[in-house]
Structures are given as structure tokens and as C-alpha cells.
Amino acid sequence: MTEQELQAYIAAIRPADEAAMTAARRRQAELAKPPGSLGKLEEMAIRMAGITGQVCPRIEKCRVAVFAADNGVVAEGVSCAPQSVTVQQAVNMTRRKTGMSALAQTFGDDVTVYDVGIAVDVPCPAVVNRKVRYGTANMAAEPAMTRAEALQALAVGMEAAAQAKADGISVLGIGEMGIGNTTTSACVLAALCGRSGAEVVGRGGGLNDEGLTKKIRIVDEATRGLDPADVLGILAKVGGFDICAMVGAFLGAAYYKLPAVIDGYISAVAALAAVRLAPKAAGYLFGSHLSKEQGYLIAMDALGIRPFFDLGMRLGEGSGC
């Protein structure tokens, strides 16, 4: 995919159906209950009508699409977990042995895992191989990827949305797996919103004080001078293949008129990048849970989206979806 093709794709995204939302509001007013008494559930129903074009939409089948990739910045000691966890968990997800995939099984939801840039070959045919490269470069020393590679990863997410539409999926949750990706997402958020590392960096999976200080410094140094308007440039310089694919999935959900659910911090940052590229995509996004990760609310406030639940969760993977 070229940058021109990306712009054409974005231009084809249409806003939610206002007529369907007006009809849904009218229906809510006619139901046997005090007006507004179902609160956020009414808002959700109205927005779902706008996305689907149906006043009474049916949710038949849900899927969590997980994009897995490794990040070269782990060489800087910004993660308390080894990089090998990325491939281990990607495989475990397909076997319903992680938190997210066990929850999905309980609710009867599909799970599809995409290898966008895991640093090793994945010994599991159930993981969809869309590898751009064996992990990104260390963005503390050089750009994480080229613009062409960022576009390639975006296309993986768009493909995932197209496949979900073809499979009759009603709602698409978007998650990730990638050791080091709280650092890359903090960088993307800092660059998009003009924030400092101290504002957007958290402890991730449990970083100690020394690691946290290093992580903040790396975010500040890596994002210095980046143009907030150049979303693709930000993703290429300090992002990850997983984040890029998630951006593409959010864009694809809007393109195919699929409701898309944001998970936690990393998913929220990807959603923000998607909306900065295509403002109309915001109408297709739903929050899930209030992430404990620092910076999450900065991303959600920038999106103008509030999560529905506060469950004290900070697992990632798409578990909130």
C-alpha cells in the first residue's frame, strides 16, 4: 500500500448514519421507561444504529483481533519481561490459555491472532503469518521502521477488518501482544499530543523505579522534534508493527462499518492515531474498560470517548474488549 492509496482508503470512510440514529432516539423515547433511564446503554444502542444503519441491530458474532509483534527498544531495558513472551503468548492465545482468550471462549467470541512482526518464526499455524519483519529496530537509536513498513503493517489491520466483515462479525475488538509496547505506545501518544514522557509513561508489566526513569528518558529523547500532524511519520519513527496494524484495523472497521472496541492503553493510542488520520473513524469506536496504565485517559480524552467499565484491569491482549 502506498501513501496515496491510504489517503484514498481514508477518503472512502463515511460517517455514521444520522437518520438511523434519529430513528433510534425516537424509539428510545417511546419505550416504557423514564427517558434516559438506561443511561450509557441507550447511547450505545443509538450509536450502534448509526453504524449498522439498523434501528434494532443484532449482534450475532464477535471477534477479538490480536496483533503481535516485537519491539527493538526492549534492548534498552524498558521491560521486566523477556522478549520470548511475545511468541509464547501469541501461541497460547490460539489455545485459549491466556486471560483474554479464556474470557473470549466464555463469551463465545472468536479470537484471531496475527503475527505482524514477532522476532522469531512462530511454530503455530493458527497464528496468521503477516510478518513485516522480525521485530522493529531499536527506536532509541534509529527509526523503528520505514514508512513503507508502517504502511505494510497498516494494511495487515485493514485486511483483518475486511476478513471480519466477510466472516459476518458484528463487533470487532482490537488487542495486541508485544513485549515493550507500552514504551512504543507512550512515544506515539507523547508525539501526537505534545506530552512529556513523565505524563504518558507507566510501569507496564511491573517496571522498577530505575527502569521507569530510563523509560521516561527514552520517550522524551525519541519523540523530540516529531511533527504531531505526521501520523505515519510518528508511527514509523517510534511505533511498533503491532500498533500500526491496530491503527489499520480501526480504520478498516470504519471503512466496513463495523463497531470497533478499544481495549486498554495501547489500543487507545492506536485508536487515537487512526482518528488523527481519519476523523470520521471516531464514530465507530467504543471504549471498554478504564486501564490502570498512566496515559490511558490522555488518549481517551483526546478521542472524546469514555470507557464503560472500571474493573481495575491492566492485562492487555484485548481482555477489556
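Predicted model: local features only at pLDDT ≥ 70, side-chain atom pairs only at ≥ 80, totals over all residues.
Next, show the strands as a cartoon. Six of them form an open sheet with parallel pairing, in the order β3-β2-β1-β4-β5-β6. At the edges stand β3 (128-129) and β6, each of which pairs on one side only.

**Strand β4**

Select residues 171-177, which make up strand β4. Seven of its seven residues are buried, so the strand is largely enclosed by the rest of the structure. To check both faces, colour Val-171, Gly-173, Gly-175 and Met-177 on one side, then Leu-172, Ile-174 and Glu-176 on the other; all are buried.

Then display the partners of β4. Strand β1 (residues 62-69) pairs with β4 in the parallel sense over seven bridges, and Val-66 stands opposite Gly-175. Strand β5 (residues 260-262) also pairs with β4 in the parallel sense, over three bridges; here the bridge partner of Gly-173 is Val-261.

**Helices α7 and α12**

Move to helix α7 (residues 181-193) and helix α12 (residues 265-277), which pack at an angle of about 35 degrees with their axes 9 Å apart. Their crossing is left-handed. From α7, select Asn-181, Thr-182, Ser-185, Ala-186, Val-188, Leu-189, Leu-192 and Cys-193; these meet Tyr-265, Ile-266, Val-269, Leu-272, Ala-273 and Arg-276 of α12. By class, the contact comprises ten nonpolar, three polar and one charged residues.

**Helix α13**

Which residues of helix α13 (residues 296-303) are buried? Select Tyr-296, Ile-298, Ala-299, Met-300 and Leu-303 to see them. What covers these buried residues includes α7, α8 (197-200), β5, α12 and β6 (285-286). Continue past the helix to Gly-304, which follows α13 and has a positive phi, near 75 degrees.

**Ala-19**

For the last stop, select Ala-19, which lies in helix α2 (residues 18-30). Is Ala-19 buried or exposed? With a relative accessible area of 56%, Ala-19 is exposed, because the cut-off for that class is over 50%. Finally, draw a distance from the C-alpha atom of Ala-19 to that of Val-55: the two are 36 residues apart along the chain and separated by 9.5 Å.

Technical notes: Residues numbered from 1 in each chain as written. Heavy atoms only, no water. Buried < 20%, exposed > 50% of the residue type's maximum accessible area, 1.4 Å probe, protein only. Helix = DSSP H or I, 4+ residues; strand = E, 2+ residues; numbered from the N terminus. Pairing = 2+ DSSP bridges. Axes fitted to C-alpha atoms, helices over the stretch in contact; angles between N-to-C directions. Left-handed = near helix turned anticlockwise from the far one by under 90°. Contact = heavy atoms within 4.5 Å. Nonpolar A, V, L, I, M, F, W, Y, C, P; charged D, E, K, R; others polar.
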